[in-house]
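Let's go through this one by way of a few questions and answers. Have the sequence and the model open as you read.

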Amino acid sequence: MTVATQGERGGAVERYTGGGPSGLAEVVELILDKGLVIDVFVRVSLVGIEILTIDARIVVASVDTFLRFAEATNRLDLYAHGGKDLPELAESMMKGGAKGKTSGAIEGAVEKVGEVLTNARRRRDDEDEDEPEEQPVRRRPRPRRREREEE
Amino acid sequence: MTATYVYGLVSADTELPADLDGLGPSGRVSTIAHERVAAIVSDVPIDRPLGTRDDLLAHERVLDAIAERAAVLPMRFPAVVEEKGVVQELLAPHQDRFLEALARIEGLVQFTLKGRYEQDPVLREITESDEEIQLLRERVRELPEDASYYDRIRLGELVVDAMTQRREVDGRNVLERLRPLASDVSIRTMAAPDEVVNAAFLVARDRVKQFDDAVEDIGLDFVGRVRFRLVGPLAPYDFTPEG
Amino acid sequence: MGLITGLLTLPLAPVRGVVWLAEQIQEYAEDQYYDPANIRAELERVDEARQLGELTEDECVAWEDELLRRLMHRRE
């Protein structure tokens with residue numbers, strides 16, 4: 001999938017070429033955890049093929065989590081040190097706590113992952129030089145080596 | 001015995017894109033059909049275990065390319081079966097269920113929206129609006145690290161609690177704004193307290209732009225507080241039958 | 001830091017010598033090492049490094065493959 005990041009280049013959405021190298025974390029999360037499980041439907045398992053499985057676990061809030069957040073709260077740079085009086089509290093709440101609606105349009109406020117492949121290919125000509133080269137047209141048999149991914 | 005990799009299931013009359021690139025040595029992707037349902041298949045590397053980065057990306061790309069235009073039920077990775085089993089054990093016995101599932105996702109694509117709090121701004125919000133947290137924070141700052149251990153746990157607990165309360169409200173807000181634009185929503189488990197949203201949406205192809213715009217608006221409304229990521233359009237991973 | 005708190009939250013058990021303690025540490029370290037949530041977080045960091053140009057593509061790919069190997073590791 002392609003990856004676009006949040007307004008880094010003056011608001012323009014950054015795009016990688018179709019099927020680009022980024023977004024593996026998203027792919028992993030999707031195809032390892034979701035989708036139809038073949039074992040549920042097919043009894044016959046294949047001999048000689050090493051099928052690796054993962055052990056998916058949900059992380060719950062733990063002491064580590066609490067300590068981490070305490071640490072982050074500690075390191076905060078608050079407007080005033082402890083012992084604020086209420087009017088000051090209220091004022092800083094309004095400044096910092098209100099939803100950050102900013103004036104002027106911000107392009108690409110949302111990071112978009114997985115732009116449609118054909119769109120990404122069409123955009124090939126407009127792309128920034130810094131971005132990785134697009135993969136060659138995939139008609140030939142795909143070699144197994146990693147080096148084929150010219151970057 | 002021929003090892004066959006299965007990417008997903010489609011209705012038998014689905015036309016596949018031309019340039020699909022499989023994860024097997026041949027690189028070819030084809031279909032095995034049985035009556036009205038078909039499996040998207042390819043050969044599989046047999047000299048090494050499946051599970052490299054290339055394998056995962058290939059699996060995803062094949063499905064993305066098909067999902068762009070057609071309803072496809074994606075398989076979880078990895079899905080390797082004996083070739084004979086594709087029809088005998090997968091398609092034939094479960095055809096009706098698969099066709100029903102395909103009908104339910106016809107014309108729909110998945111988007112996954114994730115949102116996470118920007119840590120410092122929200123911690124600041126929380127701290128500045130809670131006196132108990134402020135006092136505890138001051139106390140912790142005054143004590144040496146080992147003396148403040150239990151206070152720090154308590155502080156973290158309070159902060160996590162406050163954050164969880166906030167994310168319920170913000171999360172619900174986001175979901176309510178997008179729900180009307182989707183045919184179905186699947187809410188995923190959010191393990192970390194600073195996760196605000198983690199949900200999959202089934203969106204009609206002709207409403208994708210509308211949905212995208214709505215997500216963009218949400219991103220603008222929450223700018224500086226929540227960082228969003230929109231993944232898609234995808235095959236409907238979160239909406240496949242359990243089996 | 002995380003390792004110490006992990007030890008402190010373990011249920012109290014008779015300490016059967018240094019070996020037991022070493023095993024607990026080992027198991028805890030392995031839990032962290034193989035935790036899918038940690039691995040996925042690290043995958044995100046690779047992407048970040050890639051996008052910021054901090055690492056070459058080859059380095060990123062090598063790192064990702066290593067993470068995937070870890071993710072796929074079947075633990076008994």
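Q: How many residues of domain 1 of chain B are in contact with domain 2 of chain B?
A: Contact here is a C-beta matter: two residues qualify if their C-beta atoms, placed from the backbone, lie within 7 Å. On that basis domain 2 of chain B puts in eight residues, and the number from domain 1 of chain B is eight.

Q: Before going on, what sort of model is this, and how is it numbered?
A: Residues count from 1 along each chain as its sequence is written, while chains are lettered from A and ligands numbered from 1 in the order in which they are written. Local features need pLDDT of at least 70, side-chain atom pairs count only at pLDDT 80 or more, and totals for chains, interfaces and linings use all residues, since the model is predicted.

Q: Which element gives the largest share of the side of domain 1 of chain B that touches domain 2 of chain B?
A: Elements are DSSP runs numbered from the N terminus, with helices being H or I of at least four residues and strands E of at least two. By class, that side of domain 1 of chain B has five nonpolar, one polar and two charged residues. Here Ala, Val, Leu, Ile, Met, Phe, Trp, Tyr, Cys and Pro count as nonpolar, Asp, Glu, Lys and Arg as charged, and the others, Gly among them, as polar. The largest share, three residues, is from α1(B).

Q: Why do α4 and α5 of chain B count as roughly antiparallel?
A: Axes are lines fitted to C-alpha atoms, for helices over the stretch in contact, and angles run from 0 to 180 degrees between N-to-C directions. Angles under 35 degrees are called roughly parallel, over 145 roughly antiparallel, 65 to 115 roughly perpendicular and the rest oblique. Helix α4 (131–142) and helix α5 (149–178) of chain B have axes 10 Å apart and pack at about 150°. That angle is why α4(B) is roughly antiparallel to α5(B).

Q: Which residues of α5(B) meet α4(B)?
A: The contact has six nonpolar, no polar and six charged residues. From α4(B) come B:Glu132, B:Ile133, B:Leu136, B:Arg137, B:Arg139 and B:Val140. Their partners in α5(B) are B:Asp151, B:Arg152, B:Arg154, B:Leu155, B:Leu158 and B:Val159.

Q: What is the orientation of α3(A) relative to α4(B)?
A: Helix α3 (residues 63–74) of chain A packs against α4(B) with axes 10 Å apart and an angle of about 85°. So α3(A) and α4(B) are roughly perpendicular.

Q: Which residues of α4(B) make the contact with α3(A)?
A: On the α3(A) side sit A:Ala70, A:Thr73 and A:Asn74. The α4(B) side consists of B:Arg137, B:Val140 and B:Arg141.

Q: What is omega for the cis peptide bond from B:Phe77 to B:Pro78?
A: B:Pro78 is in the loop between β4 and β5 (80–82) of chain B. For the cis bond from B:Phe77 to B:Pro78, omega is near -10°.

Q: What is phi of B:Glu35?
A: B:Glu35 lies in the loop between β2 (30–34) and β3 (37–42) of chain B. With 11 other C-beta atoms within 10 Å, B:Glu35 is exposed. Its phi is positive in a residue other than glycine, near 50°.

Technical notes. A residue is buried if 20 or more other C-beta atoms lie within 10 Å of its own, exposed if 12 or fewer, and partly exposed in between; C-beta atoms are placed from the backbone.
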